[in-house]
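The following note sets out several points for a student reading this model alongside its sequence. Please consider each point with the structure in view.

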Amino acid sequence: MTVKIPLLRPYFDSEELEEIKIVLDSGWVSQGPKVKEFEDKIAEYLDVKYAIAVTNCTSALHLALLGIGVKEGDGVLVADFTFPATGHVVLYCGAKPVFVDIDLKTYNINPESIEEKISDKTKAIIPVHTFGQPAEMGPIMEIAEKFNLKVIEDAACALGAKYKNNYAGTIGDIGCFSFHARKGMTTGEGGMVVTDDESLADRIRKLSVFGMTSAWDREKSAEFIIPEFTDLGYNYKLSDISAAVGVAQLKKLDKIIERKRELAKYWNEKLEEIELIDAPYVSKNVKHIYQSYVALIDKAINRNKLIDALTKKGVQTQIGTYASHIQPVYNSTDKCPNSLDIFNRSLALPMYYMLKEEDIDVAVAHLKKAVDVLK
Ligand SMILES: Cc1ncc(COP(=O)(O)O)c(C=O)c1O
């Protein structure tokens, strides 16, 4: 079946090509001056001191955990309802992900469920800003302070979102962003670590380039320097070609966000016409950027059959995201009933800058018919 209304579409124009051409013409295509420019622009946008570009948000989260010293035997609290990259990075460090249940309305980690999961092994909390709606960072930071835990924000979906007046990703000790194709802005694949802590930033940068001084630092030096490999680092460098796309995308990020917020309002109005489907709830404390627009389907309807019915009509939809604790890789004994419920009932609907109100009308007409058949 041909897709008439896709779930997402990245938005590019001639600016991306112009930026890429500058990089190709310069001859410096791996990590170099364009990455530096991209990092500086992200740091300026978020008003943070340090930004380190990396290959994706998974490597950003991995480096963040290594940066704060998470190691074998440690425990890290992870919001359960997330793409499993969030739990995976804890395992990469030899530590144990301890999954915390979510709030049924916001789909974000429930601060009231955090304390009972803290043990003497716990080193950090990773709240996830699910689908671009920031988690309740106020209470989360209070708990972290009380128990002396670090907070790493999984802001993969939330560049430009705000909790109260602060950008998501700038409230905890470290923020991690994704530039995957499904995010608000994209570099194809890409990620960024941000922090205000200089020593954390230095450590993370070093670990992102094999545990050695980066090529860019050496290039700037007046003297010939042979680098030393002081740590077991990784090759998590973003390329200048990807950064070129990022520089161009960042210029339009706010425009993309504003359009998606308009489209979300339209979706909200339209979904009121369909019983058994609820529009996403938005907390009064946040600016939601709608990386995804995720509705909730009543238990009376089989969500997977609804996805199939819409696919047959050319409307692409998807599950929201995953309940981590039931993924076999984690072998977890945690119980997160809210996350499991939302995993089974959430439905991501088409949402992207170039989506038109008329597309939403068509999708809603198909949704109504499918719901009538399935209820
Ligand atoms: C909440 C969350 N965290 C982490 C990731 C991993 O991001 P990346 O694909 O850039 O590694 C994703 C990707 O979908 C995500 O949604």
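**Notes on domains, ligand shell and helix packing**

1. The centres of domain 1 and domain 2, taken over C-alpha atoms, are separated by 26 Å. The chain is divided into domain 1 (14-249) and domain 2 (253-374), with bounds that come from an automatic or database domain assignment.

2. Some conventions apply throughout. This is a predicted model, in which local features need pLDDT of at least 70 and side-chain atom pairs count only at pLDDT 80 or more, while totals for chains, interfaces and linings use all residues. Residues are numbered from 1 along each chain as its sequence is written.

3. How many residues of domain 1 are in contact with domain 2? There are 33 residues of domain 1 in contact with 32 residues of domain 2, where contact requires that the C-beta atoms of two residues, placed from the backbone, lie within 7 Å. On the side of domain 1 that touches domain 2, β3 (96-100) and β6 (162-163) are the elements that give two or more residues. The largest share, three residues, comes from β3. Helices (H or I, at least four residues) and strands (E, at least two) are DSSP runs, numbered from the N terminus. By class, this side of domain 1 has 18 nonpolar, eight polar and seven charged residues. Here Ala, Val, Leu, Ile, Met, Phe, Trp, Tyr, Cys and Pro count as nonpolar, Asp, Glu, Lys and Arg as charged, and the others, Gly among them, as polar.

4. Around the ligand there are 14 residues, of which Asn56, Cys57, Thr58, Ala156 and Ser178 come nearest; a residue is near a molecule if its C-beta atom, placed from the backbone, lies within 6 Å of it. Both α3 (57-67) and α4 (85-92) supply at least two residues each to this shell. The shell divides into six nonpolar, seven polar and one charged residues.

5. Helix α3 also packs with helix α6 (residues 198-208), at an angle of about 125° and with axes 9 Å apart. Axes are lines fitted to C-alpha atoms, for helices over the stretch in contact, and angles run from 0 to 180 degrees between N-to-C directions. The two helices α3 and α6 are therefore oblique to each other: angles under 35 degrees count as roughly parallel, over 145 as roughly antiparallel, 65 to 115 as roughly perpendicular and the rest as oblique. Leu63, Ala64, Leu66 and Gly67 in α3 meet Leu200, Arg203, Ile204, Leu207 and Ser208 in α6. This contact has six nonpolar, two polar and one charged residues.

6. Helix α2 (residues 33-46) packs with helix α8 (residues 240-271) at an angle of about 30°, and their axes are 8 Å apart. From α2, residues including Pro33, Phe38 and Tyr45 take part, and α8 contributes residues including Asp240, Val247 and Leu250. The residues of this contact divide into nine nonpolar, one polar and four charged.

7. The axes of helix α9 (residues 303-312) and helix α11 (residues 357-374) come within 10 Å and cross at roughly 135°. Helices α9 and α11 are therefore oblique to each other. In α9, Lys305, Leu306, Ala309 and Leu310 meet His366, Leu367, Ala370, Val373 and Leu374 in α11. By class, the contact has seven nonpolar, one polar and one charged residues.
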